[in-house]
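User: I'm new to reading protein structures. Could you walk me through this one, feature by feature?

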Amino acid sequence: MTKTPISITIEGLSQEGRGVGRHHGKTVFVMGAVPGDQVLVKVVAQHNRYDEAEIIMLEQASPDRREPLCHYDSECGGCQLLQLKPEAQRHWKWQQFQTDLSKAVDIKHCQLEAPIYGEEEGYRRRARLVLGRNKSDKLPKLGFRAKGSNEIVDIEQCPMLTSALNQSLVDKRQQQLAAASRSLKELTVVEADNGIFWSDQQPEVLPCYQLGDLTLNFPVTGFVQVNADINQQMVNQALAWLALSPSHQVLDAFCGVGNFSLAIAQQLHDQQGKVIGIEGDADLVKMAQQNATTNKLDNAHFYKADLFQPVIDLAWFRKQKYDSVLLDPGRQGAFALCKVLGKLKPERIVYVSCNTATLIRDLKALTEQGYRLKKATLLDMFPNTAHTEAMVLLVKSAKPANKRKIGVFKL
């Protein structure tokens, strides 16, 4: 490996937020660099098709570069794009999404709708913290994982957290540090509409959040969308794309506590109209059903099933007709379900994804069953990070797509 520093111009961003340049025709990924930077770097890892490098000196700053919002930026592994101006973050995320989508499926007839954006700071209502003593200095620390290691970065405040969460960090800090040990402990803290909840404390009531005029309980350590404002806009967008009629029957796969299901149920007023929610966690299924009862929605029904295993023989799949399907899986996607979803013959499928790579893989399976991509958009659920949320609408077409024209873009 050469130890000679090299000077390169950063031309773009990778999926994980690293700057991308080229040296003698070979791609070089540079952590902390932004498009437009001229940087002197040292190569720290060489591979057949690309190299990885670290910045030695910023020779010329990009006009899109800024001073990071957070003074922990050089240590903390939480945010990857703090050095990039908000409008530039949005531009590169949107460009990357369009590029990935176009390399995976035919988007000639797909309507790309304006991305959905929210506040740049103070948007996170939930955080996963680490408490313990680092091996290096043995000091008690409460914060986030360091970049590229299991060490803890001791953090007193985080600009991405809501003001209420930051205040709770102040209030609980000394109490938590007193309990720190060499055995690292993960803690979840969440701001609900009925207070602040820590995972190491037994709550007297369950945390809850408002979604329109719905009230949904959720477990302290369970999944909840961290950005309340974008979540509301996301649900509204999904409802618009589903184009529901009162008598529709809808499948909501990976339904959690009913974030989409209950909003869908409100749109179904006919005696035949109902939503079936499927979730792999029995506790979440129970909570979703209780949420339906609390909100007086008797047309929402929830069942437990492992959606990564074959489902075609299960009653909710085999015996039920669905007009529409909503998918909201985790980062691993919904490949097993997507491979057989065409058997249900829904007219519309809305797919919400937090991982473009698995979304693209699953879109291929759906287009091969006769569905075409009609609409797509991006939701900036996690500003200042490389992560995004995507939403696509597929509609049933007259005939299956030509498989020879569809490929998967491997990220």
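User: Which residues in the largest nonpolar core touch the most other members?

Analyst: Before we start, keep in mind that this is a predicted model. A nonpolar core is a set of buried residues such as Leu, Phe and Val, joined through side-chain atoms within 4.5 Å. Here the largest one has 71 residues, and those touching the most other members are Leu 129, Phe 260, Leu 262, Ile 264, Phe 302, Val 350 and Met 391. Helix H3, residues 228-242, gives the most to this core: seven residues.

User: Okay, let's zoom in on one of them. What does Leu 262 touch, leaving out residues up to four places away in sequence?

Analyst: Leu 262 touches Leu 214, Leu 216, Asn 291, Ala 292, Asn 295, Leu 297, Ala 300 and Phe 302. You've already met Phe 302 among the core residues that touch the most other members.

User: Now sheets. How do I read one, and in what order do the strands of the open sheet come?

Analyst: The general idea: strands of a sheet pair through backbone hydrogen bonds, either parallel or antiparallel. In this case, five strands line up as S10-S9-S8-S11-S12, with antiparallel pairing. At the edges are S10 (152-154) and S12 (195-198), each pairing on one side only. Ignoring direction, neighbouring strands are turned by 40 degrees against each other on average.

User: Can you show me a pair of strands there, and what packs on the sheet?

Analyst: S9 (residues 140-145) pairs with S10 through three bridges, in the antiparallel sense. Take Phe 144: its bridge partner in S10 is Val 153. Packed on the sheet is helix H2, residues 163-177, which touches S8, S9, S10, S11 and S12. The direction of H2 makes about 40 degrees with that of S12.

User: And hairpins? Where do S2, S3 and S4 come in?

Analyst: To read a hairpin, look at the two strands, then at the turn between them. S2 (residues 12-13) and S3 (residues 19-23) pair antiparallel over two bridges, and Gly 12 has Val 20 as its bridge partner. Five residues sit between these strands, and in that turn Gly 17 has a positive phi of about 90 degrees.

S3 also forms a hairpin with S4, with two residues between them. S3 and S4 (residues 26-30) run antiparallel, joined by five bridges, and Gly 21 is partnered with Val 28. In this turn, His 24 has a positive phi of about 55 degrees.

Conventions:
Residues are numbered from 1 along each chain as its sequence is written. This is a predicted model: local features need pLDDT of at least 70, side-chain atom pairs count only at pLDDT 80 or more; totals for chains, interfaces and linings use all residues. Side-chain values use heavy atoms; hydrogens and water are left out. Two strands pair if DSSP finds at least two bridges between them. Helices (H or I, at least four residues) and strands (E, at least two) are DSSP runs, numbered from the N terminus. Axes are lines fitted to C-alpha atoms, for helices over the stretch in contact, and angles run from 0 to 180 degrees between N-to-C directions. Contact means heavy atoms within 4.5 Å. Buried means under 20% relative accessible area, exposed over 50%, partly exposed in between (1.4 Å probe, protein chains only).
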